[in-house]
Amino acid sequence: MASEKFEKYARPIPPANPDAEYMTIQETAYVLHIGVTLARQLVKKTGLYSRMGRRIVTSRADRAGLYEACHAGGQVRRRTTRRRTPTAA
């Protein structure tokens, strides 16, 4: 069972108005079809955000920049893991 904080902060939630000027990071992740963790990483990497208190709030222009950053070339950029090769004994 997921914790209460995970349910509140780490899950994308549908926005009340998809065309709103400002959205929280959870709503932004829902609109961009990415996870909240990836959205936070992109926001930190690109620096496109406004802060109201401790909440991360993105504007329409910020979301357009985030969309370009994460959907470049028609693919969502995801971290890939390398398989470990067995060591010689």
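Tutor: The buried residues of α3 are Val36, Leu38, Ala39, Leu42 and Val43. Their arc around the axis is only 160°, which puts them on the same side of α3. That arc is taken from the directions from the helix axis to the C-beta atoms.

Student: What counts as buried or exposed?

Tutor: Buried means under 20% relative accessible area, exposed means over 50%, and partly exposed is in between (1.4 Å probe, protein chains only). Helices here are DSSP runs of H or I, at least four residues, numbered from the N terminus.

Student: Where does the model come from?

Tutor: This is a predicted model: local features need pLDDT of at least 70, side-chain atom pairs count only at pLDDT 80 or more, and totals for chains, interfaces and linings use all residues. Residues are numbered from 1 along each chain as its sequence is written, and side-chain values use heavy atoms, with hydrogens and water left out.

Student: Which exposed residues sit on the face of α3 turned away from its buried side?

Tutor: Thr37, Lys44 and Lys45.

Student: Where is lysine 45 placed?

Tutor: In helix α3, residues 36-46. Lysine 45 has a relative accessible area of 65%, so it is exposed. Its C-alpha atom is 9.7 Å from that of alanine 69, 24 residues apart along the chain.

Student: New topic. Where does histidine 33 lie?

Tutor: In the loop between α2 (25-32) and α3. Histidine 33 is exposed, because its relative accessible area is 66%. Its phi is positive, near 60°. Most residues other than glycine have a negative phi.

Key
Helix = DSSP H or I, 4+ residues; strand = E, 2+ residues; numbered from the N terminus.
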